[in-house]
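Q: I am new to this structure and would like to learn how to read it. Could you take me through it feature by feature?

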Amino acid sequence: MTAGESDEQLAERLATTAGAILLDLRALGEFEGKALGKAGDEQANAMLCREIRATRPGDALLSEEEKDNLARRNNARVWIIDPLDGTREYGEGRDDWAVHVALAVDGVATVGAVALPGLGITLTSGAPVPLRPANSPLRMLVSRTRPAAEAVFVAERVGAELVGMGSAGAKAMAVVRGEADIYLHTGGQYEWDNCAPVAVAQAAGLHVSRVDGSPIRYNKPDTYLPDLLVCRKELAGEVLRLAAGFEAA
């Protein structure tokens, strides 16, 4: 525990520390595949939950790896964490996985840190990175195993190349880092899958919304979120129009 940490500093420290735990565990070679992912989730989650409860005892906590306690709904501040986003990629020795640590205040993704341990970086809402120029042609992120039909539909109409990538956090941060321009997801997620990425993307000046253009709200009774759009602001109107056209088709 570090005295006097801001919420942004705490989120960054915890995401980075969890990433180091996961890298060390993978390097040991004691587990592989699904067993490695399970062990990683457990170890990273234990540290994150312990530290959040110690440093922010008055706040609520929602973690993918712990049973949900709906008493969190009575708290304006809830930490929303995913100790290992992209378990499959982590278990396969890839780099496109992440750690998410976020704070939602009154349902809004306010603070976020997304560690990309395989790349040795942590992106935070407290220190937004300058946006790079758009790619030419545009680049659109999709699942590396199951590209959604909606994303393919939109990509064809905006002339974007499809780029397959693993975890949700890795995809959203690829837009933040300028490696891609659009991340359109319609396959369903949960609050811990995108709260931290949304906070970081918003701080960086990107457009973030549901696919119908409405804002994303957190600390809901049902943590399921059907869809997500993260993209450059100048592309948002066209992408939202095309996505609506797919729904109507």
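Q: Which helix holds E238, and how are such elements named?
A: Helices (H or I, at least four residues) and strands (E, at least two) are DSSP runs, numbered from the N terminus. E238 belongs to helix α7, residues 233-248. This is a predicted model, in which local features need pLDDT of at least 70, side-chain atom pairs count only at pLDDT 80 or more, and totals for chains, interfaces and linings use all residues. Residues are numbered from 1 along each chain as its sequence is written, and side-chain values use heavy atoms, with hydrogens and water left out.

Q: Is E238 buried, exposed or partly exposed, and why?
A: Buried means under 20% relative accessible area, exposed over 50%, and partly exposed in between (1.4 Å probe, protein chains only). E238 counts as partly exposed because its relative accessibility is 35%.

Q: How far apart are E238 and T55 in sequence and in space?
A: They are 183 residues apart in sequence, and from C-alpha to C-alpha they are 43 Å apart in space.

Q: How do I read a pocket, and what volume does the largest pocket have?
A: Rolling a probe the size of a water molecule over the atoms shows where empty space is left. On a 1 Å grid over the protein atoms alone, a pocket is an open set of points where a 1.4 Å probe fits, with protein on both sides within 12 Å along at least five of seven lines; lining residues have an atom within 4 Å of a point. Grid points are joined across faces, edges and corners, and a volume is the space filled by probe spheres set on the points. Here the largest pocket has a volume of about 620 Å³.

Q: Which residues lie nearest the centre of the largest pocket?
A: They are R146, G166, S167, K171 and H185, out of 30 lining residues. Elements that each supply at least two residues of this lining are β2 (77-85), α3 (87-91), β6 (139-143), α5 (168-176) and β8 (182-185).

Q: How many nonpolar, polar and charged residues are in that lining?
A: Ala, Val, Leu, Ile, Met, Phe, Trp, Tyr, Cys and Pro count as nonpolar, Asp, Glu, Lys and Arg as charged, and the others, Gly among them, as polar. The lining of the largest pocket has 10 nonpolar, 11 polar and 9 charged residues.

Q: What about the second largest pocket?
A: It holds about 160 Å³ of space. Of its 13 lining residues, R53, A60, L61, L62 and E66 lie nearest the centre. The largest share of this lining, 4 residues, comes from β1. By class, there are 5 nonpolar, 2 polar and 6 charged residues in the lining of the second largest pocket.

Q: What is a nonpolar core, and which residues touch the most other members of the largest one?
A: A nonpolar core is a set of buried Ala, Val, Leu, Ile, Met, Phe, Trp, Tyr and Cys residues joined through side-chain atoms within 4.5 Å. The largest core has 38 residues, and I80, L141, M173, Y183, Y218 and V230 touch the most other members. A second, separate core of 26 residues includes I52, L61, Y90 and V99.

Q: Which residues does D7 contact?
A: Contact means heavy atoms within 4.5 Å. Leaving aside neighbours within four places in sequence, D7 is in contact with R56, R77, W79, L103 and V111. D7 sits in helix α1, residues 7-28, and counts as buried because its relative accessibility is 16%.

Q: What joins the side chains of D7 and R77?
A: A polar contact is a pair of N or O atoms within 3.5 Å; within protein, one must be able to donate a hydrogen and the other to accept it, and residues adjacent in sequence count only if both atoms are side-chain atoms. The side chains of D7 and R77 are joined by a polar contact of 3.1 Å.

Q: Where do I find a cis peptide bond?
A: Most residues other than glycine have a negative phi, and most peptide bonds are trans. A cis peptide bond joins S136 and P137, with omega about 0°. P137 is in the loop between β5 (121-124) and β6.

Q: What phi does D106 have, and what about N219?
A: Phi is positive in both: near 50° in D106 and near 60° in N219. D106 lies in the loop between β3 and β4 and is exposed, with a relative accessible area of 53%. N219 is in the loop between β10 (207-209) and β11 (224-225) and counts as buried, at 6% relative accessibility.
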